[in-house]
Every structure is written in structure tokens, then in C-alpha cells.
Amino acid sequence: MRWSDNEIRRGLLAGARDALGAPALVLFAGMVGFGALGRESGLGLWVTSATSFFIYALPGQVVFVEMFAVGASGLAIFLAVSLTAARFLPMTLTLMPHVPRPHHGRLLYALVHLVSMTTWASMMSAFPRLKPEERLPYFTGFGLVCWGVSVPGTVLGYLAAGHVPTSVTLGLVFLNPLFFLLLFAEVRQRASRLALLIGGVSGPLVHLAAPGWSLLLCGVVGGSAAFLLERRWRRHGR
């Protein structure tokens, strides 16, 4: 199977058009907050912007800034940032079955860089309504727009730091996770909504008992519980 020019163009434009709204705006705002964080932590403009270009994941970028600020070694920073990126493995694995096998070429290794929380949640919602041959171009267009706004947002946040209250600029970092939460709530799978509900309820409680492990525990227990409940309900025809 080969892509036709019309299929590629239609998918790319549709993805880019859908990204040029709330997804890109929220990601841009999050990067503005990160840019301010980089300046407040003493990083240079080029280093702060480079993390948005190469890492392109706010949790990993925040870890990079915090460890860089305390003088951690390059190897320690590399390992810590790599560990925060481990979540992209299952996210990518859940996207792959939606892309037709004839499209599984070497290009996918480069396009994986475009996977983010926003992109993944949006694709999980959009892929079922797209033709299989349109999905990879759609993902590419959507991801390129989101990635494309990350560096300008970081530069703006870096330059605006000091002119805007710090609490405002740093607070923008949390817009992206909030948007991801809202996107995920639109995913149709009942198991996904169950996992979100269980994690939201149990998260604060577990954090009180084990703040260092709360995120991992809620993810494993909440996701497993949602999977088992969904399977049980399906067996009983619910």
C-alpha cells in the first residue's frame, strides 16, 4: 500500500487544523510557564529552548531544569529524564495498532518524537473516526503543530519572566496536564474513564500515606482495577 498525495495532504491538513486551537494554545501556555521556570532556575535561553526542541515533554524538562540547577552530573540528568520518558513506550504501543502495517516504515522512528500527552489523548479520540490510511498523516500534522509551538512558547516565557508575576507564569505549566485530563475524559472506552475516576479519587489519599510513590501506585493499581472491572462487566454482558 502506498500513500497517495491526496491522502497525505488531506490527513496532514486535517491534523494541523485540529491542533491549531485549544491543543496548541494550551501547549504553548505550558511552554511559556516552562520558559519562566528555566530563567528562574538560572538556565540560559538556548539551553531552556533546546529542551523544548529535543526533550519535548514537560515532566522531563522540569526534571532537567531542577537537576541542572542543583549541579547534578550529566549522566544523572540523562537517566532521570529518560525515566520520565518511559511512559511514552506504552503510549506509543497503544497507537501503533491504529496505523496500518504497510505504513510501518523507518519514518515512524522519527515521528515518535511527536508523541506527547496532548497528541496521544487526541489520537485516541480521533483515530476511530478516521480512515486507516489517513491516521498517520493526521498524527503527523497534529504533532508537528504542537511541537512547532513549543520552542516559541518557551522563548516567550523566558523573556517574559520578571515582567509577569512568577506565580502566573509558573502556573501555566499545569495547564497542559489539566487539558490532558479533559481530553482523556472524552475517550469513549469505559475502562479509560474508570481508570481516570479511580486515580482521581485514590490519588490524594495515597499521596497522604506515601507521597513519593503515590503516582506510581495509583497508576498501577487504578489502571489494573479498571481493566479487571471492565473485563468482569463484559463477561456479564454489561
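The following questions and answers go through a predicted model.

Biologist: Is threonine 48 buried or exposed?

Modeller: Threonine 48 is found in helix α3, which covers residues 45–54. Buried means under 20% relative accessible area. Threonine 48 has 0% relative accessibility, so this residue counts as buried.

Biologist: Which residue has a backbone oxygen 2.8 Å from a polar atom of the threonine 48 side chain?

Modeller: Leaving aside neighbours within four places in sequence, threonine 48 is in contact with residues including Phe34, Leu43 and Tyr158. The backbone oxygen at 2.8 Å from a polar atom of its side chain belongs to glycine 44.

Biologist: Which element gives the largest share of the largest nonpolar core?

Modeller: The largest nonpolar core has 39 residues, and Leu95, Met123, Tyr138 and Phe139 touch the most other members. Among the elements that give two or more residues to this core are α1 (5–19), α2 (22–40) and α9 (132–160). The largest share is seven residues, and the element they come from is α9.

Biologist: Which residues does leucine 95 contact, leaving aside its neighbours within four places in sequence?

Modeller: Leucine 95 is one of the residues that touch the most other members of the core. With neighbours within four places in sequence left aside, its contacts are Val115, Trp120, Met123, Met124 and Phe127.

Biologist: How many of the ten residues of α8 are buried?

Modeller: The buried residues of α8 include Met117, Trp120, Met123 and Ala126. Helix α8 is largely enclosed by the rest of the structure, because the number of its ten residues that are buried is nine.

Biologist: What kind of aromatic pair do phenylalanine 53 and phenylalanine 54 form?

Modeller: The structure holds four aromatic pairs. In the pair of phenylalanine 53 and phenylalanine 54, the ring centres are 4.9 Å apart and the planes are at 80°. Planes over 60 degrees apart count as edge-to-face, so this pair is edge-to-face.

Biologist: How are the rings of phenylalanine 64 and phenylalanine 68 arranged?

Modeller: These two residues are four residues apart in helix α4, so about one helical turn separates them. Phenylalanine 64 is buried at 17% relative accessible area, whereas phenylalanine 68 is partly exposed at 40%. Their rings are 5.9 Å apart centre to centre, with 15° between the planes. Planes under 30 degrees apart count as stacked, so the pair is stacked.

Note on methods: Residues are numbered from 1 along each chain as its sequence is written. This is a predicted model: local features need pLDDT of at least 70, side-chain atom pairs count only at pLDDT 80 or more; totals for chains, interfaces and linings use all residues. Side-chain values use heavy atoms; hydrogens and water are left out. Buried means under 20% relative accessible area, exposed over 50%, partly exposed in between (1.4 Å probe, protein chains only). A polar contact is a pair of N or O atoms within 3.5 Å; within protein, one must be able to donate a hydrogen and the other to accept it, and residues adjacent in sequence count only if both atoms are side-chain atoms. Contact means heavy atoms within 4.5 Å. A nonpolar core is a set of buried Ala, Val, Leu, Ile, Met, Phe, Trp, Tyr and Cys residues joined through side-chain atoms within 4.5 Å. Rings of Phe, Tyr and Trp (its six-membered ring) pair if their centres lie within 6.5 Å; planes under 30 degrees apart count as stacked, over 60 as edge-to-face and the rest as tilted.
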